[in-house]
Protein chains: 2
Amino acid sequence: MPEVDPRNNSLLRTLPATEYDRLRPRLEVVESTPRDQVYAPGKPVDQVYFPLGAVFSMVALVAGEVAVEVGTIGTEGMVGLPVFLGAVTSPNAAFCQIAGPSARLSAEGLRAALVGDGALHQTLHRFTQATMVQLSQNVACNSVHVAGQRAARWLLTTQDRVGRDEFELTQDFLAQMLGVRRATVSEVAGGLQSAGLIHYNRGVIAIIDRPGLQRVACECYETLRSEFDRLLGGD
Amino acid sequence: MPEVDPRNNSLLRTLPATEYDRLRPRLEVVESTPRDQVYAPGKPVDQVYFPLGAVFSMVALVAGEVAVEVGTIGTEGMVGLPVFLGAVTSPNAAFCQIAGPSARLSAEGLRAALVGDGALHQTLHRFTQATMVQLSQNVACNSVHVAGQRAARWLLTTQDRVGRDEFELTQDFLAQMLGVRRATVSEVAGGLQSAGLIHYNRGVIAIIDRPGLQRVACECYETLRSEFDRLLGGD
DNA sequence: AGGGCTATGTCCGCTGCCGCACATAGCTCG
DNA sequence: CGAGCTATGTGCGGCAGCGGACATAGCCCT
């Protein structure tokens, strides 16, 4: 595996050297592939992930079955907030969406690093707030905006998180993330492609015209991006 | 104002006596009426509320205008988590939904009470986790369940929070909370009434048949209730 | 008593998405 | 090179909820 610097993760990057050095030996760089689970509903969350290029999805279950995406996490965050918040388990699940590396830390490792009131604690507090804002916006977005707008928004957000303009994504997967039928994604994706905004082929998608996509996407994209900047960017 | 014991709030109730006594002199019991704002989007959150009978609603804005309810807070919680999480402002708003008393505390008062790693800190961490679970479930619920199910669920939750089987609520208000048209609420509420589950009249609603309502509501009600119990009840 | 306001009931045409089903094209592997 | 799988395209009937508009009824105030 190519050595990746854990400092590619914004949360880790903001830590002062002393605190980071204490954490460093406990971090393990691992590669995830789509659908790898970080934690499952009701099972103990025993590891947290600081994505270094991978993107993860949090989903909520309905009737113990249908999974609806409630938020995504990339290099700006951490997967495993329930550990930070003192919960052993969560009713939600988290899994890999886009392949890539992450810095992994055991739950005890995180808890140990949090004793006292250091920078990590504060950083994770701000990330928690950012996550709550993301969840809130998603509640609103899901009930107000139509599939096409949300698909465009999702693609923009994912591009931000992976930092590449091409990544693996099937229509089937995107349909699950948006909570719509695959057939609906087929229609809206076809529309975006013939408008020259994206290009896709058998599970690989490329963003061609970002500004164009932004015009199609709902304002939730901009709203969240600027709020994340404000909360997590300002240091 | 009738003196209400701040210990009616579960978060305050779980505090050990020493910590509560330190907080007590800073708490002020206040009465809220529907639509009273606790905080507004982008403005500093300068007070937090521990509801003692009132119910509050958090809403997210879309296009700076349309407000969609993302969660509710009653005696089990606190309004003003952004303060705890170190944010000065929030893009969301919070306002009173059902009239009643709360224990109010200034933002600085809360911050002062949090120095060191006491029980309040831990309690609020667990409440933060509970709130995130609530938000997640609402994302899923909004995209999967139909208006009738969600209305029933909302009524059940609100009844739990106010602790009475009759409270003030107009169809117009409920429509905003559910993110549907008032006309839609008129139809589903009419259905619930003729099924003998509820009774309402000009802004006052009474829950007649709780078990019946539970059969109509989506499982999100039970899911969340048991998760809140698990996180906040176990002490 | 009457005027106005608020809360509620109801109707129409429309649209976005659903459930279901089937068709096709590219990739992979024996 | 053909079999089979996976990813994508498409069509049809149906329904929930929308936007917009209008009607009625109870309440309050004068």
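## Helix against sheet

Helix 5 (residues 119-144) of chain B lies across strand 4 and strand 5 of chain A, at about 130° to strand 5 of chain A. Helices (H or I, at least four residues) and strands (E, at least two) are DSSP runs numbered from the N terminus. Angles run from 0 to 180 degrees between N-to-C directions, with axes fitted to C-alpha atoms, for helices over the stretch in contact.

This is a predicted model, in which local features need pLDDT of at least 70 and side-chain atom pairs count only at pLDDT 80 or more, while totals for chains, interfaces and linings use all residues. Residues are numbered from 1 along each chain as its sequence is written, and chains are lettered from A and ligands numbered from 1 in the order in which they are written.

## The sheet of chain A

Four strands of chain A form an open sheet in the order 2-6-4-5, with antiparallel pairing. Strand 2 (37-39) and strand 5 (66-73) of chain A are at the edges with a single partner strand each, so one side of each has no neighbour in the sheet. From one strand to the next, the twist averages 35°.

Seven bridges join strand 4 (residues 55-62) and strand 5 of chain A in the antiparallel sense; two strands pair if DSSP finds at least two bridges between them. Leu61(A) stands opposite Ala67(A) in strand 5 of chain A.

## Contact between the chains

Chain A and chain B each bring 35 residues to their contact (two residues are in contact if their C-beta atoms, placed from the backbone, lie within 7 Å). On the side of chain A, strand 4, strand 5, helix 5 (119-144) and helix 10 (220-233) each supply at least two residues. Helix 5 of chain A has the largest share, 17 residues.

By class, this side of chain A has 17 nonpolar, 14 polar and four charged residues. Ala, Val, Leu, Ile, Met, Phe, Trp, Tyr, Cys and Pro count as nonpolar, Asp, Glu, Lys and Arg as charged, and the others, Gly among them, as polar.

## Surfaces near the DNA

DNA strand C is surrounded by 18 residues, the closest being Val146(A), Ala147(A), Val180(A), Gln171(B) and Ala183(B) (near is a C-beta atom, placed from the backbone, within 6 Å). Helix 8 of chain B gives the most to this surface, five residues. The residues near DNA strand C divide into seven nonpolar, six polar and five charged.

Around DNA strand D there are 18 residues, and the closest are Gln171(A), Ala183(A), Val146(B), Ala147(B) and Arg181(B). Here helix 8 of chain A gives the most, with five residues.
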